[in-house]
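User: Hi! I'm new to this one and would like a friendly walk-through. Could you show it to me and explain the terms as we go?
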Amino acid sequence: MIVNTELETKGNLFPGEVKVFEFDGNSVTFSTANNVLLRITVLRDSILRFRYATDGIFENDFSYAIDKDTMHGFNKFEIQEAPFLITIITSKIKCKISTTDLKIGIYDLQDNVIVEEELGFHWEESFKYGGNFVKMNKTSVEGENFFGLGDKPTNFNLKGRKLTLWNKDQFAFNKDLDELYKSVPFYTALHSNMAYGIFFDNSFRTHFDFCQDKRNEVKFWAEGGEMNYYFIYGPKIAEVVTSYTNLTGTPDLPPLWALGYHQSKWSYFPEERVTELAAKFRELEFPCDAIHLDIDYMDDFKCFTWNNKHFPDPKLMVENLEEKGFKTVVIIDPGIKIDADYKIFKEALDNNYFCRRADGPFMRGKVWPGECYFPDFTNPKVREWWAGLFKELVGEIGVKGVWNDMNEPAVMEVPGKTFPTDVRHNYDGNDCSHRKAHNIYGMQMARATHDGVRKYAFPKRPFTMTRANFAGGQRYCATWTGDNIATWEHLWLANTQVQRLCLSGMSFTGSDIGGFAEQPSGELFTRWIQLGIFHPFCRVHSSGDHGNQEPWSFGEEVLSITREYVRLRYQLLPYLYTAFYQYTEEGIPILKPLVYFDQEDVHTYYRSDEFIFGNQILVCPIQDAHVQGRRVYFPRGKWYNFWNDEIVTGGKEYWVDAPLEKSPIFIKEGAIIPKFPVQNYVDEIEIKALFLDIYYKNGNETSILYEDAHDGYDYKKGRYSLKTFKFRGKPGEIIIQQHKDGKFLTSYKHLEVRIHGLPFEIEKAYLDNEEVSLETLDFDPTVNTMKIPKVFDLIQFTSKAKS
Ligand code: MIG
């Protein structure tokens, strides 16, 4: 690895004095005496893009990460000139550019420092590869914290760490391992209650140093390409993360079934085993929506084939599963077996779709099928061809989801476990070597897969998932954290990594519940399920060489506890789906780390076990063996214990009892939590009534509920229902206002309401200001439950008649 300090001594070059600067629409371009160009583009009042060139010429402006639709935005700004200083002022920030050395400082409108530069931009010419190693050093003010950067298996707060982004297959990875499956060169920094983000849009191997080498210095640099980064101002972390996520794009809504429970193993075969597995779930009434088939469903590991001995009639099997409420999800890897009789290989060969080495031969490498060639997914023609390959699998056989694996890309038995760096790529017409294409290879494969599955699943929605990914890859696919281990430390890692991915724009993610390698104890499996049901993606997957990992493999107690938790996930589906809606629509992360939830509270900076699921549920997993409880930090506000409605006042740490069957779950006061009845799979039953759990608060709280047809694209034509509930409580009175947007009509007519923590007895009820008798509402005063028609603008409960 090349470290920055080493490079610093090898001839860093710096920008000279600014000679001219000019405006062009949203941009200001500076050129220096030594031919450095800096172009600053004002994308929004809080987003600036910085692009540097060192020979006076910008390369073709191309990025896989940025969602093109988001690039034209608000851009009102003003420029002030003073001796040696140019200032760009938007309605949120000031950006000062020193004309003596091109160093940048960014400030809020009151001139508080957000971030300044130490060495600033500099570079080193790379004679070996051509181009530059491009570097940025910024100052870090006292007390700054750093979050983000994708799937790194390290402490949540990145302060004091140095990390590298280079996608890598890491079987049974360990804590603090650096290079992993995904590269998301985006971080959020927080100091003085001000948050800002840096997105370094460079796909080469990149490095980040968060105050390790020097305690007041942050550095990021890349082994090629352009210094091209986006500065995103908050001041709330929420604003930074949602802006980044909008810049790099969000996915369409997944089908609701994809939020159910998935069961996987490497591998379920033959067909009888799959059928038995499915039957067992239904027999035990353990909810499950999807069964995943790993590489052994294929013939000789050849993509888009089936092993006919084990799966004589895949279409029939998939249909039978579907009838029982299971969707079939299959794995697809990038390596195409070298075999002249294999149709897909022939097609790719004839069309010149495979990657080649610098001097012409095909990139050849060993993966599961043996020696393989690899499609160049950075070529749009190859992606189109690949998408078409799903016609039979999805369009005819009826497979509903596809997961892409090994797309870092992983190659066996070679140094570095991936392609050599000389391999050539099309890069959508910007020809380059693997040094540049490596980190986006998996993302482009995922994109092609997504395009294909979406096309042939139509009019239903696709489900696709990828192991390797890059910033912006969330537009195409869900993801998972890869080959973890069945240990308590990995349960902690899963918790941290999923929260980190949520802050990195990739919310649709989860871990292999129970651990991929080795075997969990029943206790570990139970605790992992108790965490996993709160992850946006919920799948049990394991390598299979270490015993069984179905929920019934650990005895009666584990089965019945885990079933209760998976049922809870199914009950919470309308709540989780609403969080997905907010994610896909506004870029709001589905899980909110405490620091995101309340950045003014310094206790949250290093508290990363606890998180908020959606907007109002506080979850704190048990991550240790043989414990009966743990200390939990409660964010400010009041919280109801989900199990017994006891109220806890936050801003403090408390001991919470957690015997095996009870993991700590708390609900924010004032919340209105929508729930479905328990189902064995999504849409098993027609929902006759929606449950609303209302948690009394002396004060106000807003809750939302998104609903639609659970699949298909009608929601894009306005057939959705978005409800806002405004809760107002005071002693002796509750008022709930409902506002509905959208044209979708839900199947149910009634709401089954339960009011928790009510400090008074309800005597009177008013629906849209008309009094209704408590009997007509089926009111039960012992538990404060009642039935309310779903259509209303305002309901009111009081302890006495309205005056
Ligand atoms: O070299 O397809 O992360 O989920 O079960 C191992 C077999 C390849 C790695 C994936 C894992 C999957 C396994 N794969």
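Analyst: Happy to. One term to begin with: a residue is buried if its relative accessible area is under 20%, exposed if over 50%, and partly exposed in between, using a 1.4 Å probe and protein chains only. By that rule F146 is buried, with a relative accessible area of 0%. The model is predicted, so local features need pLDDT of at least 70 and side-chain atom pairs count only at pLDDT 80 or more, while totals for chains, interfaces and linings use all residues. Residues are numbered from 1 along each chain as its sequence is written, and side-chain values use heavy atoms, with hydrogens and water left out.

User: Is Y187 buried or exposed?
Analyst: Y187 is buried, with a relative accessible area of 1%.

User: How many aromatic pairs does the structure hold?
Analyst: There are 69. There is also an aromatic cluster made of F304, Y353, F374, F377, W385, W386, F390, F419 and Y441.

User: Which charged residues lie over the face of a ring?
Analyst: Two examples here: K436 lies over the face of Y427, 4.8 Å from the ring centre, and R539 lies over the face of W403, at 4.4 Å. The test is that NZ of Lys or CZ of Arg is within 6 Å of the ring centre and within 35 degrees of the ring normal.

User: Let's switch to the ligand. How many residues surround the ligand?
Analyst: 13 residues surround the ligand, and the closest are D294, D405, R467, D483 and H541. A residue counts as near if one of its heavy atoms lies within 4 Å.

User: Which side chains have a polar atom by an oxygen atom of the ligand?
Analyst: Among them are D294, with a polar side-chain atom 2.4 Å from a ligand oxygen, and W368, at 3.1 Å. The side chain of D483 also has an N or O atom 2.5 Å from an oxygen atom of the ligand. Taken alone the ligand exposes 350 Å², and the protein buries 95% of that. These areas come from the Shrake-Rupley method with a 1.4 Å probe; for residues, only the protein chains shown count as cover.

User: And N407, where does N407 lie?
Analyst: N407 is in the loop between strand 25 (401–404) and strand 26 (424–425), and N407 is buried, at a relative accessible area of 0%. A polar atom of the N407 side chain lies 3.0 Å from the backbone nitrogen of A468. That is a polar contact: a pair of N or O atoms within 3.5 Å, where within protein one must be able to donate a hydrogen and the other to accept it, and residues adjacent in sequence count only if both atoms are side-chain atoms. Leaving aside neighbours within four places in sequence, N407 is in contact (heavy atoms within 4.5 Å) with residues including P334, Y441 and R467.

User: What about phi of Y427?
Analyst: Phi of Y427 is near 50°, a positive value in a residue other than glycine. Y427 is buried, at 5% relative accessibility. D778 has a positive phi as well, about 60°, but D778 is exposed, with a relative accessible area of 52%.

Note on methods:
Rings of Phe, Tyr and Trp (its six-membered ring) pair if their centres lie within 6.5 Å; planes under 30 degrees apart count as stacked, over 60 as edge-to-face and the rest as tilted. Helices (H or I, at least four residues) and strands (E, at least two) are DSSP runs, numbered from the N terminus.
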